[in-house]
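Subject: Structure handover

Hello,

Here is the structure for your files. My notes on it follow below.

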Amino acid sequence: MNPIATAQYGLFAASQRFEASAQRTVRMGDPAFSVDYAHEAVEQITAKHEFSANLAVIGTAGEMTDSLLDILA
């Protein structure tokens, strides 16, 4: 299993989640749409944490690769 590829997909999913929430939030002035502000805030905060967690995975995988290359060298 490739942790970097998995984290890249996680970054993509988090950005899609944030984008969808932002699109719903933009509609809050339109009376035709009912927007739950609390739900959208939670969605955006969750997406932010998912993004950060996946970046940490990529950083850790990079550090592990560097350590492995140092051992082999």
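**Salt bridges and other contacts**

R24 is partly exposed, with a relative accessible area of 29%. Keep in mind that this is a predicted model.

Start with the charges. Side chains of opposite charge can pair when their charged atoms come close. The count here comes to three salt bridges.

R24 takes part in one of them. Its partner is E40, and the closest N and O atoms are 2.8 Å apart. R24 lies in helix α1 and E40 in helix α2, so this pair ties together parts that are 16 residues apart in sequence. E40 has 5% relative accessibility and counts as buried, because the cut-off for buried is under 20%. R24, at 29%, is partly exposed.

Next, R17. What does the side chain of R17 meet in a salt bridge at 3.0 Å, N to O? That partner is E43. The pair links distant parts of the chain, with E43 in helix α2 and R17 in helix α1, 26 residues apart. E43 is buried, at a relative accessible area of 14%. R17 is partly exposed, at 28%.

R17 also meets the side chain of E50 in a salt bridge, at 2.6 Å from N to O. Again the pair links distant parts of the chain: E50 sits in helix α2, R17 in helix α1, and they are 33 residues apart. E50 is partly exposed, with a relative accessible area of 26%.

Which residues do shared partners join into one network of salt bridges? They are R17, E43 and E50.

**Between the helices**

N54 is worth a look. Its place is in helix α2. Is N54 buried or exposed? N54 is buried, because its relative accessible area of 15% falls under the 20% cut-off. Leaving aside residues up to four places away in sequence, N54 touches T6, A7, G10 and L11.

A41 is in helix α2. From A41 to A22 it is 9.5 Å, C-alpha to C-alpha, and the two are 19 residues apart in sequence. A41 is partly exposed, with a relative accessible area of 36%.

Q8 is in helix α1.

**Rings**

The count comes to one aromatic pair. The rings of Y9 and F12 have their centres 6.4 Å apart and their planes at 45°. Why is the pair called tilted? Planes under 30 degrees apart count as stacked and over 60 as edge-to-face, so an angle between those limits is tilted. The planes of Y9 and F12, at 45°, therefore make a tilted pair.

Y9 and F12 are three residues apart in helix α1 (residues 3–26), so about one helical turn separates them. Y9 is exposed, with a relative accessible area of 59%. F12 has 47% relative accessibility and counts as partly exposed. The reason is the cut-off: exposed means over 50%.

There is also a charge over a ring. The charged end of R27 sits over the ring of F33, 4.8 Å from the ring centre.

**Surface patch**

Which residues form a nonpolar patch on the surface? They are L68, L69, I71 and L72. Together they have about 460 Å² of accessible area. L72 has its place in helix α2 (residues 37–72). L72 is exposed, at a relative accessible area of 65%.

**In brief**

R24 and E40 form a salt bridge. R17, E43 and E50 are joined into one network. N54 is buried and touches T6, A7, G10 and L11. Y9 and F12 are a tilted pair. R27 has its charged end over the ring of F33. L68, L69, I71 and L72 form the nonpolar patch.

Best wishes

Terms used. Residues numbered from 1 in each chain as written. Predicted model: local features only at pLDDT ≥ 70, side-chain atom pairs only at ≥ 80, totals over all residues. Heavy atoms only, no water. Patch = residues over 30% accessible without salt bridge, like charges linked within 9 Å, V, L, I, M, F, W, Y side chains within 5 Å. Areas by Shrake-Rupley, 256 points an atom, 1.4 Å probe, with all protein chains shown as cover. Salt bridge = Lys/Arg side-chain N within 4 Å of Asp/Glu carboxyl O. Helix = DSSP H or I, 4+ residues; strand = E, 2+ residues; numbered from the N terminus. Buried < 20%, exposed > 50% of the residue type's maximum accessible area, 1.4 Å probe, protein only. Phe/Tyr/Trp six-rings, centres within 6.5 Å; stacked < 30°, edge-to-face > 60°. Lys NZ or Arg CZ within 6 Å of the ring centre and 35° of its normal. Contact = heavy atoms within 4.5 Å.
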